[in-house]
Amino acid sequence: MTEIIIKSFSILSIFLLIGVILRARVKLFQNLYLPASVIGGFIGLIFSKDIIGHFSSFYISEDYNQIFSRLPGLLSIPIFAAIPLGMFLNEKIDIKKLYPFKVIMMFGIFQCAAMIQSATGYGVNLLFSKIDSNINLYRTFGYELSAGFSGGHGYAASIGKLLEGFNIPQWEIAQGISITTATIGLIGGLIFGIIFINIAVRNGKTNIIKENIDIELKKGFNKNIETQNILGREIFYSNSIDTITIHLAIIFSVCGLSYIVLSIIKKLNIAGLNVLPVWTYSMIIMFLLNLIIKRLKLEWIIDIKVKSRIINLFTDFAIISAIISLPIKAISSYIIPIIAMCVLGFVFTYMIVFGLTKLLFKNDYSFERSIISWGTLTGVLITGVTLLKICDSDYKSPVLSEFSLAFSLMSVSGLLVVPILNTVLAIGSTFENFIVAIITAIVYLSISLIAFKIKS
């Protein structure tokens, strides 16, 4: 068993390196800013039984594929556990400089759009089930749209573990569909985003002159040693314990505590809480641990950069393993509903993000705020930042700092909202999930409007 795990990571590593090389060499991949994990994942997918297996006996065996399909769910636990670690620990916040109401407005718009994506997915499920009962969509089909679009590949890769915990037999299919929507969102969002920027520049809607992005950013590496960023602070001396090791020890300790808490809750059979995934508890416990670290004045122990590198490490392997293990045959039977919800997802996301941002921010960098939200809601945060960099190359506007704070607020609010939404996802019907998504979107919209009214 140990050997096959090591061999599995060896295979994933080879395809990751292939992804790095292709990103550095192929202009198309550079212009689309595709991560090496996504490129390598799809190269690995070609070697699956469902593709190359039809023509050759040289393909990735089912033994490895089963491990690949399980890895994203397992890796999602330390990923989500690490998110709250170090949050606001070493930051001295000046309220006057944060423009709190603008941050709340951006937070509300983003979350409203994300919930509309969920409602769109469930709506497609209800529509197709009514049109043709033979399509046989499972109860939670549709959640994959927001999981892939606003969640990105990292979150999409964790969906299988989440739904498996809810005893949904189609969890592997759902994970594959989530990765599919994440890929469509990432590529489509970036292409449309660049088109939106070009149109805005021609129509004088951008506030800062557009400049070209550094070619090395496109290639995905920096050869200049003098300008390379530092990974993090060396907090501990290696003759005691390595700095990365102490961060990993904290993260995995919290993961272990999460399993203990969940097992106790299941033994007590606490309704609602017993259906939540273990990573939800890992985030809550880490958030509490973060407060303790702050109270004990041990902020110096944690380095946000080191933590981010660890998250990115797990995420890269989660993404590539999820893509390689895509159940192509199963997904192909859902291709029409997938296309429908992705198209509608782009349309509704555009309407909410650009419409509400223009209404609430007017001439206050409204396009720049829209484009970073659009990129993040269809891809990942770096997609949004990349699109913003095209029209604000030196980040002269306050958009990046305010959106980053709004994004942090999403993580904190998620500790309260996600458990509720997951409970409904675990036991609710498709229609109930649809209604809850609509109601939650209205709540977030109301938050934005109230903040706008107070600011005005």
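Helix H6 (100–131), helix H16 (335–361) and helix H17 (366–378) each put at least two residues into the lining of the largest cavity. Helices here are DSSP runs of H or I with at least four residues, numbered from the N terminus. H6 gives the most, with three residues.

This is a predicted model, where local features need pLDDT of at least 70 and side-chain atom pairs count only at pLDDT 80 or more, while totals for chains, interfaces and linings use all residues. Residues are numbered from 1 along each chain as its sequence is written, and side-chain values use heavy atoms, leaving out hydrogens and water.

So what is a cavity? On a 1 Å grid over the protein atoms alone, it's a set of points where a 1.4 Å probe fits but cannot get out, and lining residues have an atom within 4 Å of a point. The count comes to one cavity of 30 Å³ or more, with volume being the space filled by probe spheres set on the points.

| Largest cavity | Value |
|---|---|
| Space | about 30 Å³ |
| Lining | Met-106, Ile-109, Phe-110, Thr-357, Phe-361, Arg-369 and Ser-373 |
| Residue kinds | four nonpolar, two polar and one charged |

Now for the rings. The whole structure holds 22 aromatic pairs, meaning Phe, Tyr or Trp (six-membered) rings with centres within 6.5 Å, called stacked under 30 degrees between planes, edge-to-face over 60 and tilted otherwise. Tyr-138 and Phe-141 make an edge-to-face pair, 5.7 Å centre to centre with 85° between the planes. Both are buried (under 20% relative accessible area, 1.4 Å probe, protein chains only). Elsewhere, ring pairs link Phe-149, Phe-192, Phe-196, Phe-346, Tyr-350, Phe-354, Phe-367 and Trp-374 into a cluster.

Technical notes. Buried < 20%, exposed > 50% of the residue type's maximum accessible area, 1.4 Å probe, protein only. 1 Å grid on protein atoms, 1.4 Å probe; cavity = no way out; pocket = protein on both sides within 12 Å on 5 of 7 lines; lining within 4 Å. Nonpolar A, V, L, I, M, F, W, Y, C, P; charged D, E, K, R; others polar.
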